[in-house]
Amino acid sequence: MSKQPSGTPEQEQTLVSHLVELRQRMMRILLIVLAVFLCLFYFANDLYEYLSAPLTALLPAGTSMIATDVTSPFFAPFKLTLVLAIFIGIPFILHQIWGFVAPGLYNHEKRLATPLLISSVLLFYAGVAFAYYVVFPLIFGFFTSVGPENVAVMTDISSYLNFVLKLFFAFGIVFEIPIATLLLIWSGATTAKDLTDKRAYVLVCCFVVGMLLTPPDVISQSLLAIPMWLLFELGIVLSKVFVKKNEEDDDIDEELDAAIEDDEVNSQKS
């Protein structure tokens with residue numbers, strides 16, 4: 001038996017064109033991240049000083065941050081600059097991803113996806129800013145005050161960088177709660193009414209997460225748990241607006257498709 005071709009030339013050409021476009025967009029992402037990195041690298045030490053300010057401002061007199069590894073004074077600011085370049089390039093990265101997947105979406109999906117992408121970026125940045133300006137002073141104030149008096153607090157710069165980057169990522173993800181809530185309702189996995197009925201359980205989960213991510217005091221836990229709960233409520237409110245509008249758009253699209261099919265049938269009969 002002769003071997004059948006795996007696909008038509010048109011399908012193979014379409015696949016190749018998609019791969020070429022994907023490669024081009026990946027190259028653009030790498031170039032923009034590299035360009036931002038090169039612009040920021042000269043200020044790498046200044047950026048690290050700004051990042052470490054919440055801790056160094058609370059260190060006891062006569063103490064400072066230390067480097068326990070020979071390469072840490074270079075690689076810690078280098079790593080910070082690279083991560084910051086990616087953070088700054090997130091809007092451009094998402095724009096390239098959106099340009100690749102948008103042709104395969106329906107019009108009503110595009111109308112919903114665009115504000116979701118913009119909101120997700122802004123919420124992520126808001127979570128990072130909240131961690132730096134609100135959470136860090138509380139966490140470092142607690143940890144620098146509970147140690148024994150005969151122990152000098154001198155944090156390693158690499159350990160500090162890894163710690164704050166984890167918190168940045170955690171709070172950035174936490175602030176995506178409205179988007180996650182909206183997507184769950186939009187996909188049909190749950191409804192706004194079901195989430196509203198389970199509000200008490202969600203509130204308890206928020207305080208549990210706050211307990212795990214913050215020092216063991218009520219104020220710090222509340223500073224994380226209350227915003228999480230408010231963001232959850234915001235997601236429910238947004239879902240009632242956007243999901244209803246999306247359903248109306250679906251009905252309009254279905255009516256238009258039905259009208260087009262009727263016109264084609266009538267034209268064939270005539």
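Trainee: What should I know before reading the numbers?

Mentor: This is a predicted model, in which local features need pLDDT of at least 70 and side-chain atom pairs count only at pLDDT 80 or more, while totals for chains, interfaces and linings use all residues. Residues are numbered from 1 along each chain as its sequence is written, and side-chain values use heavy atoms, with hydrogens and water left out.

Trainee: How many helices and strands are in the chain?

Mentor: Helices (H or I, at least four residues) and strands (E, at least two) are DSSP runs, numbered from the N terminus. Here the chain has 10 helices and 0 strands.

Trainee: What percentage of the residues in the chain is buried?

Mentor: Buried means under 20% relative accessible area, exposed over 50%, and partly exposed in between, with a 1.4 Å probe and protein chains only. Of the 270 residues in the chain, 33% are buried; in helix α7 (residues 177–187), the buried residues are I177, P178, I179, T181, L182 and I185.

Trainee: At what angle do helix α2 and helix α6 pack?

Mentor: Axes are lines fitted to C-alpha atoms, for helices over the stretch in contact, and angles run from 0 to 180 degrees between N-to-C directions. Helix α2 (residues 44–56) and helix α6 (residues 157–174) pack at about 85°, with their axes 11 Å apart, and the two are therefore roughly perpendicular to each other, a term for angles of 65 to 115 degrees. The contact (heavy atoms within 4.5 Å) is made by Y48, L51, S52, P54 and L55 of α2 and by I157, S158, Y160, L161, V164 and F168 of α6.

Trainee: How many salt bridges does the structure hold?

Mentor: A salt bridge is a side-chain nitrogen of Lys or Arg within 4 Å of a carboxyl oxygen of Asp or Glu, and the structure holds 3 of them. One of these joins the side chains of R25 and E21 at 3.2 Å, N to O, and both residues lie in helix α1 (residues 9–41), 4 residues apart, which is about one turn of the helix. R25 is buried, at 15% relative accessible area, whereas E21, at 24%, is partly exposed.

Trainee: Which helices hold R199 and E233?

Mentor: R199 forms a salt bridge with E233, their closest N and O atoms being 2.5 Å apart. This pair links distant parts of the chain, with R199 in helix α9 (residues 199–213) and E233 in helix α10 (residues 218–269), 34 residues apart. R199 counts as partly exposed at 30% relative accessibility, while E233 counts as buried at 17%.

Definitions and conventions. Angles under 35 degrees count as roughly parallel, over 145 as roughly antiparallel, 65 to 115 as roughly perpendicular and the rest as oblique.
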